[in-house]
Amino acid sequence: MKVYPDKLAAELKNRVQRLYIVSGDEPLLVQEVCDQIRLALKARGYLERELFHAEAKFDWNSLIYSAGSMSLFAEKKLIEVRLASGKPGDQGSKVLMELASQMTDDTILLLVLPRAGQDVQRTKWFKTLEQEGALIQIWPIEGKDLPRWLDGRFRHAGLKATREAVQLLAERIEGNLLAATQEIERLKLTVTDQSVDVKDVIDGVAD
């Protein structure tokens, strides 16, 4: 099933899926969604995490072994697979489908990959995984939506920015969301009354 990023917190609070697919090309947003999933699972007792980078010549059978083994120190495990190419190939597809059918309440799979186009979403392995768990698709923040996104980040940081300050920051960062979050964190440390105006943004960019 599909879960929108802004609905993920409520979904994680209500229940845990046995399988999560996080797909997108915006590194910051993908990382934050993955962090959100990991923290929610950790709070529910999934203390062990095994991370795999499925690159060229990756041994897909190692995932099967991981799913069937548990350490002496944890009863619940998160298996995280980073699929940089977005396409697992024949062997990887078979293993992922096998894993999807084997996931239990004690073992959860988190698959992270770039934006999945229709060619990927129509494949048998992708459809199988989506039916067994949750798909969270991360879309880039378009230029017209960037000021609203920045305003939300300011508020989340406990800051109140003027509309002009938000617009100026949107122009200066040129779509670099990581730079935006770093600048907001800097402002959080430097402004004295939680208010941010154009001068604060200009001074920060100059530094």
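Buried means under 20% relative accessible area, exposed over 50%, and partly exposed in between, with a 1.4 Å probe and protein chains only. This is a predicted model, where local features need pLDDT of at least 70, side-chain atom pairs count only at pLDDT 80 or more, and totals for chains, interfaces and linings use all residues. Residues are numbered from 1 along each chain as its sequence is written, and side-chain values use heavy atoms, leaving out hydrogens and water.

Q: What makes Glu11 and Arg15 a salt bridge?
A: The term asks for a side-chain nitrogen of Lys or Arg within 4 Å of a carboxyl oxygen of Asp or Glu. For Glu11 and Arg15 the closest N and O atoms are 2.9 Å apart, so the pair qualifies. Glu11 itself is buried, at 13%. In the whole structure, the search turns up 15 salt bridges.

Q: How do you know that Lys2 and Glu130 tie together parts that are apart in sequence?
A: These two form a salt bridge, with their closest N and O atoms 3.0 Å apart. Lys2 sits in the segment before α1 and Glu130 in helix α6, so the bridge joins parts 128 residues apart. Helices here are DSSP runs (H or I, at least four residues) and strands likewise (E, at least two), numbered from the N terminus. Lys2 is partly exposed at 49%, while Glu130 is buried at 15%.

Q: Why is the pair of Phe58 and Trp60 called edge-to-face?
A: Rings of Phe, Tyr and Trp (its six-membered ring) pair if their centres lie within 6.5 Å; planes under 30 degrees apart are stacked, over 60 edge-to-face, and the rest tilted. Phe58 and Trp60 have ring centres 5.0 Å apart and planes at 85°, so the pair is edge-to-face.

Q: What makes Phe52 and Phe58 a pair, and of which kind?
A: Their centres are 6.2 Å apart and their planes at 70°, so this pair is edge-to-face. Phe52, Phe58 and Trp60 form one aromatic cluster.

Q: Why does Trp60 count as buried?
A: Trp60 has 5% relative accessibility, so it counts as buried. Phe58, at 16%, counts as buried too.
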